[in-house]
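Please read them with the structure open beside you.

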Amino acid sequence: MADNLSKELRTKNMKAIRSQSKLESLVSRELWKKGFRFRKNVKTLFGKPDIAIQKYKIVIFIDSCFWHACPIHGSRPKSNQEYWDKKLSRNKKRDDEVNEYYKKNKWHIKRVWEHEIKQSLDQIISELIDFIEKSKSE
């Protein structure tokens, strides 16, 4: 299906979307209940991390299986495949650039897949707590 909007208008529309995924809300709510304080979707940080604790240089990204091309669950739309291949490939490349940026600047970075949260929220929360505590002590 062809896009009936110009590239500029489509970009403007997509940038205006400010919603947070249900999984991001679920994870952030659980971490907040456990006493962790953080900022969500910090625009001033590279890659706009889903969760950031700047004091300890900690960033957490929650990656959807579709948009970040999960090797296990990522699906490829059947229509307009050239567009989607390019789009998803660029998303993966951007993820790599973000990872490199934070590692180079000595930040603690953690990425969590959507399917991991769906499989076991409790386990992911436990892993995130361990990651945050370990990162704070370094």
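1. Does C70 count as buried or exposed, and at what relative accessibility? C70 counts as buried, because its relative accessibility is 5%. Bear in mind here and below that the model is predicted.

2. The other cysteine to look at is C65, which is buried as well, with a relative accessible area of 5%. The closest cysteine sulfur to that of C65 belongs to C70, at 3.9 Å. A disulfide needs the two sulfur atoms within 2.5 Å, so this pair is too far apart for a bond. C70 is therefore in no disulfide. A search of the whole structure finds 0 disulfides.

3. Next, helix α5, residues 121-137.

4. Which residues of α5 are buried? They are L121, I124, I125, L128, I129, F131, I132 and S135. These residues lie on the same side of α5, because they cover an arc of only 165° around the axis. An α-helix has 3.6 residues a turn, so residues three or four places apart point the same way. On the other side of α5, D122, D130, K134 and S137 are exposed.

5. What covers the buried residues of α5? The cover includes α2 (22-33), β2 (51-53), β3, β4 (108-113) and α4 (114-119).

6. The largest nonpolar core has 19 residues. Those with the most contacts inside this core are V27, L31, I60, I117, L128 and I132. At least two residues come from each of α2, β2, β3 and α5, and α5 gives the largest share, 7 residues. A second, separate core has 9 residues, among them V42, A52, V98 and Y102.

7. Leaving aside residues up to four places away in sequence, V27 touches I51, I62, I117, L121, I125 and L128.

8. The last point is D63, in strand β3 (residues 58-63). D63 counts as buried because its relative accessibility is 4%, and the cut-off for buried is under 20%. Beyond four places in sequence, D63 touches H68, D95, R111, V112, W113 and E114. With one of these, R111, the side chain of D63 makes a polar contact of 2.9 Å. K43 is 20 residues from D63 in sequence, and their C-alpha atoms are 17 Å apart.

Methods:
Residues numbered from 1 in each chain as written. Predicted model: local features only at pLDDT ≥ 70, side-chain atom pairs only at ≥ 80, totals over all residues. Heavy atoms only, no water. Helix = DSSP H or I, 4+ residues; strand = E, 2+ residues; numbered from the N terminus. Buried < 20%, exposed > 50% of the residue type's maximum accessible area, 1.4 Å probe, protein only. Contact = heavy atoms within 4.5 Å. Polar contact = N/O pair within 3.5 Å; in protein donor to acceptor, adjacent residues only side chain to side chain. Arc of directions from axis to C-beta. Core = buried A, V, L, I, M, F, W, Y, C linked by side-chain atoms within 4.5 Å.
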